Every structure is written in C-alpha cells, then in structure tokens.
Amino acid sequence: MSVMTRGIITQPYSLAMHSDYSRRQFYSHAQVLLADHDSARKHWENESNNVQALMDEVARLKAEIAGLRTGYEAYERVNAQLKAEVEKLRKERDARHPFKPFHEPSIGFTGCVICGVYTDHGGLPCPKTRATADAAMGQGEQS
C-alpha cells in the first residue's frame with residue numbers, strides 16, 4: 001500500500017466526507033484497494049489450487065515409487081534364486097564332467113600332440129586325428 005493510499009484510508013471520517021472532492025478521492029482509493037484485495041484473493045486461490053495439485057502429484061509419485069520398489073525387490077529375489085540355481089548347476093556339471101572344468105587351468109598342458117596347437121579343443125578329440133591316423137597307416141593318398 002502506498003503512503004498516499006494509507007494516508008487517505010486512515011484519515012478521519014469527518015475529514016474524508018468533508019467535501020465532494022475528498023469523498024470522491026476516498027471512494028476512488030477504496031475501489032483500488034478493493035480491486036487489489038480481490039486480485040490478491042484470486043492469486044491466493046490459484047496458488048492454493050496449484051499447491052493442492054502438487055500435493056496430489058507427490059502422493060501419486062510416492063505410490064508409483066512404492067510400486068517400483070516392490071517390483072525391484074521381486075526382481076532381486078528372482079535374480080538371487082537364479083544365481084543360486086546357476087551355481088548349483090555349475091557344481092553339478094563339475095561333479096559329472098570327466099575332465100577338469102574349463103575354468104581351471106590344466107597343469108603341464110603344452111598343446112595338442114597331433115596338430116601342435118596350444119589348445120585342448122574344448123575337451124573333444126583333435127579334428128586332425130583321422131588324417132594323421134590315415135597317413136600313418138599309408139592311406140593318406142586318395143585316388
């Protein structure tokens with residue numbers, strides 16, 4: 001509120017109604033204050049509606065987060081079960097496999113005796129075994 005408006009509003013009633021000019025001035029400033037008051041009330045109502053909308057959004061997001069948290073916890077449980085199952089299957093495979101597991105290095109392994117490649121061929125026989133055996137038996141030449 002301006003100093004002028006405060007002075008006009010706070011003046012005594014008899015002075016405000018003393019002349020036609022002072023009555024009009026008082027009325028005009030009272031109308032401006034009333035308009036400002038109405039504008040401030042509408043602004044406050046808008047802001048309170050905005051705050052309510054934001055509070056509703058916060059509640060919705062909290063519910064969504066709770067749902068996501070529940071879903072993530074379920075994912076973690078399933079993931080832990082699958083990891084346990086994979087570990088169980090690995091142990092079972094290692095127990096049944098006639099050779100050492102692939103992830104353990106073989107001590108003293110130098111390579112394939114037949115082809116000379118430094119590999120164990122994945123636990124399978126060397127693909128050149130048949131050709132080497134045929135050559136050793138003299139059947140290496142084909143007609």
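In the predicted model, R24 and D20 are four residues apart in helix α3, so about one helical turn separates them. The two residues form a salt bridge, in which the closest N and O atoms are 3.2 Å apart. R24 has a relative accessibility of 57% and therefore counts as exposed, the threshold for that class being over 50%. D20, with a relative accessible area of 38%, is partly exposed.

The search of the whole structure that returned this pair finds three salt bridges. Side chains of opposite charge can pair when their charged atoms come close. Another of the bridges joins the side chains of E57 and R60, with an N to O distance of 2.7 Å. Both E57 and R60 belong to helix α3, where they are three residues apart, about one turn of the helix. E57 is partly exposed at 34% relative accessibility, and R60 is likewise assigned as partly exposed, at a relative accessible area of 43%.

R60 also takes part in a salt bridge with E64, for which the closest N and O atoms lie 3.1 Å apart. The spacing of R60 and E64 is four residues in helix α3, which means that about one helical turn lies between them. E64 has a relative accessibility of 40% and so counts as partly exposed. Through these contacts E57, R60 and E64 are linked in a network of salt bridges. R60 has a bridge to E57 and a bridge to E64.

Aromatic side chains were examined next. A pair of aromatic rings is described by the distance of the centres and the angle of the planes. With a limit of 6.5 Å between ring centres, the count comes to one aromatic pair. The pair consists of Y72 and Y75, whose ring centres are 5.8 Å apart and whose planes stand at 40°, so the arrangement is tilted. That angle falls in the tilted class because planes under 30 degrees apart count as stacked and those over 60 as edge-to-face. Y72 and Y75 both lie in helix α3, which covers residues 20–96, and are three residues apart, about one turn of the helix. Y72 has a relative accessible area of 51% and is therefore exposed. Y75, at 48% relative accessibility, counts as partly exposed; the exposed class requires a value over 50%.

At the level of the chain, the secondary structure comprises four helices and zero strands. Read from the N terminus, the order of the elements is α-α-α-α. Helix α3, spanning residues 20–96, holds R24 and D20, E57 and R60, and also E64.

The chain has 143 residues, of which buried residues make up 8%. Of the contacts in the chain between residues at least 6 apart in sequence, 14% join residues at least 24 apart.

Conventions
Residues numbered from 1 in each chain as written. Predicted model: local features only at pLDDT ≥ 70, side-chain atom pairs only at ≥ 80, totals over all residues. Heavy atoms only, no water. Phe/Tyr/Trp six-rings, centres within 6.5 Å; stacked < 30°, edge-to-face > 60°. Helix = DSSP H or I, 4+ residues; strand = E, 2+ residues; numbered from the N terminus. Buried < 20%, exposed > 50% of the residue type's maximum accessible area, 1.4 Å probe, protein only. Contact = heavy atoms within 4.5 Å. Salt bridge = Lys/Arg side-chain N within 4 Å of Asp/Glu carboxyl O.
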